[in-house]
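The sequence and coordinates are shown first.

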Amino acid sequence: MRYIASYLLAALRGNSSPSVKDIKKILDSVGIEADDDRLNKVISELNGKNIEDVIAQGIGKLASVPAGGAVAVSAAPGSAASAAGSAPAAAEEKKDEKKKESEESDDDMGFGLFD
């Protein structure tokens with residue numbers, strides 16, 4: 001992903017066909033050492049292609065990827081009664097977990113954002 005992001009940064013800068021040297025310069029500026037094999041693969045795959053077209057094709061492919069939030073849970077008919085009895089205990093346990101998480105997130109780890 002870092003190689004693609006660097007390629008896109010170079011392309012946004014006006015370089016329609018970034019070289020290995022251009023991408024390495026971007027990665028070196030943030031302290032990332034480039035893997036030549038992966039970098040050459042990105043260059044070879046994107047060389048000569050219009051970045052806007054590549055992005056448009058990628059968005060089209062992402063549209064078919066499911067990203068739902070609902071999880072289907074099937075239970076046996078006899079287990080419904082036992083699940084109903086354990087629901088209050090599970091809800092109480094979740095409350096305790098949320099309370100612990102909020103307490104932990106309040107820790108500033110010894111420094112503040114604006115110190």
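A residue counts as buried under 20% relative accessible area, as exposed over 50%, and as partly exposed in between. On that scale Glu45, with a relative accessible area of 42%, is partly exposed. The model discussed here is predicted.

**Salt bridges**

The structure holds three salt bridges.

| Pair | Closest N and O atoms |
|---|---|
| Asp36 and Lys24 | 2.7 Å |
| Lys41 and Glu45 | 3.6 Å |
| Arg38 and Asp35 | 3.7 Å |

Asp36 is partly exposed at 38% relative accessible area, and Lys24 is partly exposed at 28%.

Lys41 and Glu45 both belong to helix α3, where they are four residues apart, about one turn of the helix.

In the pair of Arg38 and Asp35, Arg38 is exposed, with a relative accessible area of 56%, whereas Asp35 is partly exposed at 31%.

**Largest pocket**

The volume of the largest pocket is about 230 Å³. Its lining includes Glu45, along with Ile4, Leu8, Leu46 and Lys49. Two or more lining residues come from each of α1 (2-12), α3 (36-46) and α4 (51-62). The most come from α4, which gives six residues. By class, the lining has six nonpolar, two polar and three charged residues.

Notes: Residues are numbered from 1 along each chain as its sequence is written. This is a predicted model: local features need pLDDT of at least 70, side-chain atom pairs count only at pLDDT 80 or more; totals for chains, interfaces and linings use all residues. Side-chain values use heavy atoms; hydrogens and water are left out. On a 1 Å grid over the protein atoms alone, a cavity is a set of points where a 1.4 Å probe fits but cannot get out, and a pocket is an open set with protein on both sides within 12 Å along at least five of seven lines; lining residues have an atom within 4 Å of a point. Grid points are joined across faces, edges and corners, and a volume is the space filled by probe spheres set on the points. Ala, Val, Leu, Ile, Met, Phe, Trp, Tyr, Cys and Pro count as nonpolar, Asp, Glu, Lys and Arg as charged, and the others, Gly among them, as polar. A salt bridge is a side-chain nitrogen of Lys or Arg within 4 Å of a carboxyl oxygen of Asp or Glu. Buried means under 20% relative accessible area, exposed over 50%, partly exposed in between (1.4 Å probe, protein chains only).
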